[in-house]
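Here's a walk through one protein model, written with the modelling details in view. Have the viewer open and follow along.

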Amino acid sequence: TSNDSLEEPENGKPDSRVNEPTQIGEQGNGTPEKTSFSDYDEQVQTLKKSPGIDPYELMQRIGPYKLLQRIGQGGMGAVFMAEQDKPVRRRVALKLIKAGMDSKEVITRFEAERQALAMMDHPNIARVLDAGTIDDGRPYFVMELVNGVPITEYCDKYKLSLDDRLQLFMQACRAIQHAHQKGIIHRDVKPSNVLVTQHDGMPVVKVIDFGLAKALQSANRLTDKTMFTEFGQVLGTLQYMSPEQADMNAIDIDTRSDVYSLGVLLYELLTGSTPIEKQSLQELALDRVLLAIREQEPPRPSHRLSSLGDSAIGISEQRCTDPRRLGLILKGDLDWITMKALEKDRTRRYDGPVQMAEDIQRYLSSEAVIARPPSLTYRLRKSIRKHRAAFLTTATMFALLLLGMAATTSQMFRARKAER
């Protein structure tokens with residue numbers, strides 16, 4: 001599971017009171033000592049010999065960027081808040097592969113993320129500003145600093161109504177749609193990768209962390225190096241993973257995988273929980289979790305809310321309403337929009353995030369939505385497929401019953417005919 005996204009400290013905002021350790025090369029009286037490039041390289045080489053220490057974090061500088069504090073860390077990289085000196089002075093986020101993690105596969109995925117972000121230009125996607133390689137060969141890239149919090153946390157903190165939550169969610173849909181138009185699948189859509197910040201007092205969504213991004217076409221390769229997913233390797237975050245990603249042979253992934261993950265995110269924004277709850281993920285073995293993702297039909301949002309008991313009161317209050325009113329709002333169009341995105345059969349999902357956003361806009365405008373409850377024929381066919389053994393047994397018994405009745409009827413006619 002990738003979690004290399006820009007994560008904020010617990011209070012939701014980077015701490016401006018940066019605790020800066022003593023700079024290497026600082027004189028005893030506290031006055032900074034001017035350091036030549038040769039001295040700098042010498043210090044880096046000395047620090048590289050220290051096990052378990054990333055010299056660049058201690059040196060607090062990578063090129064024109066002064067590292068202020070570590071603000072996020074994942075499996076392959078660390079993210080720092082940094083300050084750029086030249087040619088402009090600004091705060092940025094700098095992402096660097098961790099020391100000792102610079103394997104060929106990690107570097108390839110890191111460079112793919114860097115290239116994916118560089119290809120995009122959208123107000124709801126964090127922009128890449130610069131990129132480079134440090135002297136030990138590890139790549140880094142610099143992006144806009146997003147002072148935001150996960151969309152679910154933001155909505156709950158400010159007790160946004162369902163309509164306001166849907167407005168923010170549509171921003172996320174448009175950002176992912178832009179990535180798809182550039183030939184990129186995100187593959188790890190989740191709250192910590194969909195942040196909300198504020199511009200001029202208005203909430204703005206920023207999608208980050210394309211660490212698992214995949215190019216749709218070979219012509220849009222994200223890196224010159226060969227990148228592939230090993231057989232049996234599962235990539236993504238279990239709670240938000242599509243059925244295709246949960247397949248051990250998850251090769252045929254397309255944009256509808258992101259639609260499913262957006263559906264899980266919408267489900268959480270509406271009900272406060274994901275279709276497969278976190279507790280279930282912790283209790284089940286991995287193969288059972290993957291099976292549940294592929295086959296277990298989630299309850300409709302309105303049904304989930306009604307099953308929450310007393311906790312539904314707090315969830316409703318965070319949405320500026322009461323449980324009864326929230327259940328009535330969810331029942332109907334919002335149920336069907338969410339469930340269409342969560343279809344196990346991807347051919348029945350929305351074709352893309354923009355179609356999902358358009359359907360939500362129809363709901364907000366009190367227009368008829370595309371998402372409708374499945375037909376009786378479809379539900380019957382699906383039920384037969386799910387309970388095939390039981391259906392075959394019942395069908396066999398019913399056929400035998402019909403044959404028995406036919407035989408009995410035939411004997412009755414013969415007996416009457418013989419009496420005459």
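H11 and helix H12 (residues 353–364) pack at about 175°, with 11 Å between their axes. Here an axis is a line fitted to C-alpha atoms, for helices over the stretch in contact, and angles run from 0 to 180 degrees between N-to-C directions. Since angles under 35 degrees count as roughly parallel, over 145 as roughly antiparallel, 65 to 115 as roughly perpendicular and the rest as oblique, H11 is roughly antiparallel to H12. On the H11 side the contact (heavy atoms within 4.5 Å) uses Ile329, Asp333, Leu334, Ile337 and Ala341, and H12 brings Met356, Asp359, Ile360 and Tyr363. By class, that contact has 7 nonpolar, no polar and 2 charged residues. The classes work like this: Ala, Val, Leu, Ile, Met, Phe, Trp, Tyr, Cys and Pro are nonpolar, Asp, Glu, Lys and Arg are charged, and the others, Gly among them, are polar.

A few ground rules. This is a predicted model, where local features need pLDDT of at least 70 and side-chain atom pairs count only at pLDDT 80 or more, while totals for chains, interfaces and linings use all residues. Residues are numbered from 1 along each chain as its sequence is written, and side-chain values use heavy atoms, with hydrogens and water left out.

H11 also packs against helix H6 (residues 256–271): the axes of H6 and H11 (residues 323–341) come within 9 Å and cross at roughly 170°. That makes H6 roughly antiparallel to H11. The residues of this contact divide into 10 nonpolar, 3 polar and no charged. H6 supplies Val259, Tyr260, Gly263, Leu266, Tyr267, Leu270 and Thr271, which meet Leu326, Leu330, Leu334, Ile337, Thr338 and Ala341 in H11.

Zooming out, the protein has 14 helices and 11 strands; helices (H or I, at least four residues) and strands (E, at least two) are DSSP runs, numbered from the N terminus. Of its 420 residues, 46% count as buried, where buried means under 20% relative accessible area, exposed over 50% and partly exposed in between (1.4 Å probe, protein chains only). Among contacts with a separation of 6 or more, 67% are between residues 24 or more positions apart. The accessible surface comes to about 22,200 Å², and 51% of that belongs to carbon and sulfur atoms.

Now the sheet. In what order do the strands of the open sheet run? There are 6 strands, ordered S1-S2-S3-S4-S6-S5, with antiparallel pairing. Two strands pair if DSSP finds at least two bridges between them. Strands S1 (61–62) and S5 (128–133) are the edges, each pairing on one side only.

| Pair | Bridges | Example partners |
|---|---|---|
| S2 (residues 65–73) and S3 | 7 bridges | Tyr65 and Gln84 |
| S3 (residues 77–84) and S4 | 8 bridges | Met81 and Ala93 |
| S4 and S6 (residues 139–144) | 5 bridges | Ala93 and Met143 |

A hairpin of 5 residues joins S3 to S4. Why is S4 (residues 90–97) described as largely enclosed by the rest of the structure? Because 6 of its 8 residues are buried.

Helix H3 (residues 104–118) lies across S4, S5 and S6, running at about 30° to S6. Thr108 lies in H3 and is buried, with a relative accessible area of 2%. The C-alpha atoms of Thr108 and Pro139, 31 residues apart along the chain, are separated by 9.9 Å.

Two more residues are worth a click. Leaving aside neighbours within four places in sequence, Ser242 is in contact with Ser257, Tyr260, Ser261 and Ile293. Ile293 is 51 residues from Ser242 along the chain, yet their C-alpha atoms are separated by 7.0 Å.

Gln177 is in helix H5 (residues 162–181). With 16% relative accessibility, Gln177 counts as buried. Its contacts, leaving aside neighbours within four places in sequence, are Gly352, Pro353 and Val354.

Note on methods. Accessible areas come from the Shrake-Rupley method with a 1.4 Å probe; for residues, only the protein chains shown count as cover.
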